[in-house]
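Take a walk through this fold.

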Amino acid sequence: MIRYIYICIFIVLSFISKTQNLIQNGSFENYHTPINWNLWGGDFIGYYSNPPDTVMVDWKAINSPDYFNSACTHTYSGVPLNRFGSCYSKSGNNYVGIGMYTSDNEYKEYIYQQLSVPLQSGTMYCLNFYISRADRITYAIKNIGAFFSNNIQSVGSSGFINTIPQVLNQNGFIIDTTNWIQVQGCFIANGGEQYITIGNFNSNSNTDTL
């Protein structure tokens with residue numbers, strides 16, 4: 001079973017001494033609406049348009065995370081009601097759902113984007129984002145983080161991205177299905193990092209479940 005964690009977000013990445021946000025479309029408010037997208041929704045790619053169109057602006061998917069939008073009339077991917085329960089957004093009208101753990105294989109989902117500018121070597125950056133557990137999912141995890149890299153990441157044959165994120169959830173198990181829990185952290189960049197990827201970067205054996 002896939003353990004879904006809703007990701008909101010107002011996502012903010014900034015210099016420690018400045019307020020410039022390097023994350024684009026941090027609350028998922030900007031999107032394209034392909035023809036007939038509301039017949040199903042959820043996908044980052046509108047497969048029902050011809051040719052297929054990208055639903056999300058700035059964000060891209062690894063495997064198949066879901067996009068939940070208040071403008072979607074189908075209950076699969078609406079806000080607040082959708083196939084994973086009921087949840088209002090933290091900021092704006094929309095959020096993203098990411099599959100963090102599947103009990104019978106290593107399949108995991110991620111979202112990523114290219115930052116507005118690459119990170120500078122020796123500079124400290126701080127990231128904030130909010131997460132909430134889907135209330136139709138019976139398990140919770142705590143292994144969620146954000147990885148900053150020079151290149152686009154790939155799950156390869158393993159089904160997940162095996163790396164150490166610079167920002168990691170420190171709140172323990174994400175069990176709250178009503179409130180949004182803040183994940184935050186600061187780190188010093190090596191320089192040249194230009195992509196942020198969010199998800200679970202652990203194998204199943206290294207993922208704690210509750």
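Two strands count as paired if DSSP finds at least two bridges between them. The model here is predicted. Strand 5 and strand 10, which spans residues 110-114, meet that rule: they pair in the antiparallel sense over 3 bridges. Within this pairing, Lys60 stands opposite Tyr112 in strand 10.

Now widen the view. An open sheet of 5 strands runs in the order 5-10-15-12-13, with antiparallel pairing. Its edges are strand 5 (60-62) and strand 13 (167-168), each pairing on one side only.

In soluble globular proteins, nonpolar side chains tend to be buried together. The largest nonpolar core here holds 30 residues, and Trp59, Phe148 and Ile196 touch the most other members. Several strands give two or more residues to this core: strand 9 (94-102), strand 11 (124-133), strand 12 (145-149), strand 14 (181-188) and strand 15 (195-199).

Take Phe148, which lies in strand 12. Is Phe148 buried or exposed? Phe148 is buried, because its relative accessible area is 2% and the cut-off for buried is under 20%. Phe148 and Asn190 sit 42 residues apart in sequence, yet their C-alpha atoms are 9.8 Å apart in space.

Turn to Ile196. Which residues is Ile196 in contact with, leaving aside neighbours within four places in sequence? The list is Ile23, Trp59, Ile111, Tyr112, Gln113, Leu115, Leu127, Ala146, Phe147 and Phe148.

Key:
Residues are numbered from 1 along each chain as its sequence is written. This is a predicted model: local features need pLDDT of at least 70, side-chain atom pairs count only at pLDDT 80 or more; totals for chains, interfaces and linings use all residues. Side-chain values use heavy atoms; hydrogens and water are left out. A nonpolar core is a set of buried Ala, Val, Leu, Ile, Met, Phe, Trp, Tyr and Cys residues joined through side-chain atoms within 4.5 Å. Buried means under 20% relative accessible area, exposed over 50%, partly exposed in between (1.4 Å probe, protein chains only). Helices (H or I, at least four residues) and strands (E, at least two) are DSSP runs, numbered from the N terminus. Contact means heavy atoms within 4.5 Å.
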